[in-house]
Amino acid sequence: MKTDALIEVLARQAGPAPDFPVGRHLAAAAALGLLASSVLALALIGPLPAAVFYTAAPWIKLFYAILLLVGTSALAARLSRPASSTVMARAAVTSVFLLMLLAGAVTLITTPEGERWSALLGQTWWVCPWMLMMLSLPALTAILWAMRSLAPTRLKQAGFAAGLVAGVVGAMGYSLACPETSVAFVAVWYSLGIAMTGWVGQWLGPKVLRW
Amino acid sequence: MSSIIRMEQGKGYNASRDQKPITKEALPTLSGCNQTIIADELKDDEQHRDFESGLKPLWLRAQSGDELAYREALRLIAGRLRHYFRRHLMNLPDDVEDLVQETLLALHLHRGSYDPAQPVSAWVLGISRHKLMDLYRRRGRREALHEPIDGLEDYLAAVEPGETLANVDLRSLFEELPKAQRIAIEMTKLEGLSVTQASKLTGVSESAIKVQVHRGLKRLAALVRKEPK
């Protein structure tokens, strides 16, 4: 078939351009992932005692995750379209990460010297990033799946962004079961877990997002 | 409009198919390609601006449903794509027209992803580059098994500018679509019936016809990508 004939076929009765449901698809995938990570966290680890929710700790984690969710999902949405600029979204994500690290550093400095290590490492530093990443995998699957129906052209970056959103969603689920209370702990180990999920996404992106 | 069908039948064959395939060594590496692409894009800045200013008004009208503008826009884009791919597929001249067609299909299927705040050319280039990289990846793997060829230069010199025939005949790929999709495309896209007429003839709702057309083209795009050569 000649290219002119193909153009004829494509243009004929093409109608107006269809909607491109980036927000809807990504939001649905993230919501599904959040449900999965919450259920898994409660089933595998078990919920925190109700009294803990009257302290600041779980809310700090949640607040951090919500801030990150705004930036990372904007990034994922922009990378789901060809050629959309990602400068603002990247700046937003980076600044939330840095602000949280700064907050962690400040709380560490104000902690009495003898308690700093325990504030930083808590009881569970070596499980936290892995657990968080594991709880993120359903979300990662759902978000990559949703992205496939969109038009990502920068596959590594898009995969990384999908991984970050999934990591944040996993962090939300994990915060229902995680016993740690220090800001420094959240700043380091939650961030690491989210970044690790991002790297898994980055690795998967070029493999599963091709079209 | 069965003239298109008749015109195209039996044309899926291209003499250059008989050429021996190209070695992996003849292919540029992925990262090397990326660099030349970026350099060329800068060099073509001016040309690019002209392309943008010609395309943008047409494209905006096309997006809101102007069929004539859409056809015109696709023609402009096809010319630009041919130029772009020809330069980056020096070693794979046979693939140029196939890739032009594959990219046009992709642009059509994802045309909702265009954001009016950005230049159309950037959007087109984003998808074209993606398609080019995808082709490099596919070729890189498959061609690795073949022997090198002599006289590549003579062959390249013999490729004249202008549209060459695609190797993959889309018309014959239509036959592989599920019946409902094929009929919907044939009626509305080849025979030129309106969606309403097609709906009456088949007894399927208008929205279902549109869905079948879209799915059919999507399927076609997937078939084009898989077509071994």
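The largest nonpolar core here has 86 residues. A nonpolar core is a set of buried Ala, Val, Leu, Ile, Met, Phe, Trp, Tyr and Cys residues joined through side-chain atoms within 4.5 Å, and buried means under 20% relative accessible area, with a 1.4 Å probe and protein chains only. Keep in mind that this is a predicted model, where local features need pLDDT of at least 70 and side-chain atom pairs count only at pLDDT 80 or more, while totals for chains, interfaces and linings use all residues. Residues are numbered from 1 along each chain as its sequence is written, chains are lettered from A in the order in which they are written, and side-chain values use heavy atoms, with hydrogens and water left out.

**The cores**
- W59(B), I77(B), F85(B), L89(B) and L104(B) have the most contacts inside the largest core.
- Take L89(B): skipping its neighbours within four places in sequence, L89(B) is in contact (heavy atoms within 4.5 Å) with D95(B), V96(B), L99(B), L132(B), L135(B) and Y136(B).
- There's also a second, separate core of 25 residues, and A41(A), V96(A), V168(A) and V183(A) are among them.

**Where chains A and B meet**
- On the chain A side, 30 residues are in contact with 56 residues of chain B.
- Together the two chains bury about 3,800 Å², 59% of it on carbon and sulfur atoms; buried area is the accessible area (1.4 Å probe) that two parts lose on being put together, summed over both.
- M1(A), R12(A) and W211(A) supply 23% of the area that chain A buries against chain B, more than any other three residues.
- The interface has 3 salt bridges, each a side-chain nitrogen of Lys or Arg within 4 Å of a carboxyl oxygen of Asp or Glu.
- D4(A) and R75(B) form a salt bridge through their side chains, at 3.9 Å from N to O.

**Helix α1 of chain A**
- With 9 residues, helix α1 (residues 3–11) gives the most to the side of chain A that touches chain B; helices are DSSP runs (H or I, at least four residues), numbered from the N terminus.
- This helix is largely enclosed by the rest of the structure, because 8 of its 9 residues are buried.

**A closer look at V165(A)**
- You'll find V165(A) in helix α7 (residues 155–175) of chain A.
- V165(A) counts as buried because its relative accessibility is 5%.
- A30(A) sits 135 residues from V165(A) in sequence, yet their C-alpha atoms are 7.5 Å apart in space.
- Not counting residues up to four places away in sequence, V165(A) touches A30(A), L69(A), T72(A), S73(A), A76(A) and I143(A).

Technical notes:
Helix = DSSP H or I, 4+ residues; strand = E, 2+ residues; numbered from the N terminus. Buried < 20%, exposed > 50% of the residue type's maximum accessible area, 1.4 Å probe, protein only.
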